[in-house]
Amino acid sequence: VQLQASGGGLVQAGGSLRLSCATSGRPSNKYHVGWFRQAPGKEREFVAVIRWFDDDTYYADSVNGRFTISKNSAKNTVDLQMTNLKPEDTALYYCVGRPTASFRVTLTKDVKAFRHWGQGTLVTVSS
């Protein structure tokens with residue numbers, strides 16, 4: 001599965017932005033799609049993940065309540081709706097994918113679990 005992220009841009013603090021991750025084909029039900037981000041000088045950080053099978057989701061504490069990850073099965077995309085953005089959300093956002101052995105594998109924030117990585121899309125939040 002190839003992943004293509006889009007939708008980044010410049011936004012003021014308190015604003016909203018929607019990122020989209022296009023997959024090269026319909027992921028199997030044994031697949032998780034997520035988002036990581038990396039700010040300058042910092043390590044990659046987990047943001048959110050969704051299980052393709054049942055739309056179960058898991059968020060980082062830092063974005064929980066502000067970001068929403070969702071799946072569009074008709075378009076084979078996964079979106080990340082970001083609201084109430086803060087300057088500390090500024091980062092390169094990566095769409096990632098994780099093939100799994102069965103349908104209900106536990107969602108994880110472990111970067112090592114995600115085998116497929118798309119190119120990043122830059123989000124800049126000005127204060």
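Student: How many salt bridges does the structure hold, and what should I keep in mind about the model before I read them?

Tutor: The structure holds nine salt bridges, a salt bridge being a side-chain nitrogen of Lys or Arg within 4 Å of a carboxyl oxygen of Asp or Glu. This is a predicted model, in which local features need pLDDT of at least 70 and side-chain atom pairs count only at pLDDT 80 or more, while totals for chains, interfaces and linings use all residues. Residues are numbered from 1 along each chain as its sequence is written, and side-chain values use heavy atoms, with hydrogens and water left out.

Student: Which residue forms a salt bridge with Glu 45, and how do I read the setting of the two partners?

Tutor: The partner of Glu 45 is Arg 37, with their closest N and O atoms 2.8 Å apart. For the setting, look at relative accessible area (buried is under 20%, exposed over 50% and partly exposed in between, with a 1.4 Å probe and protein chains only). Glu 45 is partly exposed because its relative accessibility is 33%, whereas Arg 37 has a relative accessible area of 6% and is therefore buried.

Student: Which parts does the pair of Arg 66 and Asp 89 tie together?

Tutor: Begin with the distance: in the salt bridge between Arg 66 and Asp 89, the closest N and O atoms are 2.8 Å apart. Arg 66 lies in the loop between E6 and strand E7 (67-72), and Asp 89 in the loop between strand E8 (77-82) and strand E9 (91-99), so the pair ties together parts that are 23 residues apart in sequence. Both Arg 66 and Asp 89 are buried. Through shared partners, salt bridges join Arg 37, Glu 45, Arg 66 and Asp 89 into one network. The strand labels are DSSP runs numbered from the N terminus (E, at least two residues; helices are H or I, at least four).

Student: How many helices and strands does the protein have, and how compact is the protein?

Tutor: The secondary structure comes to zero helices and 10 strands. The radius of gyration is 14 Å, close to the 14 Å that the globule rule gives for 127 residues, so the protein is as compact as a globular protein of that length; the radius is taken over C-alpha atoms, and the rule is 2.2 Å times the number of residues to the power 0.38. Along the principal axes, the C-alpha atoms fill a box of roughly 45 × 30 × 25 Å, and buried residues make up 43% of the 127 residues. Among contacts (heavy atoms within 4.5 Å) between residues at least 6 apart in sequence, 61% join residues at least 24 apart.

Student: Where is Phe 53 found, and with which residues is Phe 53 in contact?

Tutor: Phe 53 is found in the loop between strand E5 (45-51) and strand E6 (57-59), and it is partly exposed because its relative accessibility is 31%. Leaving aside neighbours within four places in sequence, Phe 53 is in contact with Asn 29, Phe 103 and Arg 104. From C-alpha to C-alpha, Phe 53 and Lys 30 are 6.6 Å apart, although 23 residues separate them in sequence.

Student: How should I read the phi of Asp 55 and the phi of Asn 76?

Tutor: Most residues other than glycine have a negative phi. Asp 55 has a positive phi of about 65° although it is not a glycine; this residue is found in the loop between E5 and E6 and is partly exposed, as its relative accessibility is 38%. Asn 76, likewise a residue other than glycine, has a positive phi near 55° and has its place in the loop between E7 and E8. With 17% relative accessibility, Asn 76 counts as buried, and its contacts beyond four places in sequence are Cys 21, Ala 22, Thr 23, Gly 25, Arg 26, Pro 27 and Trp 52.
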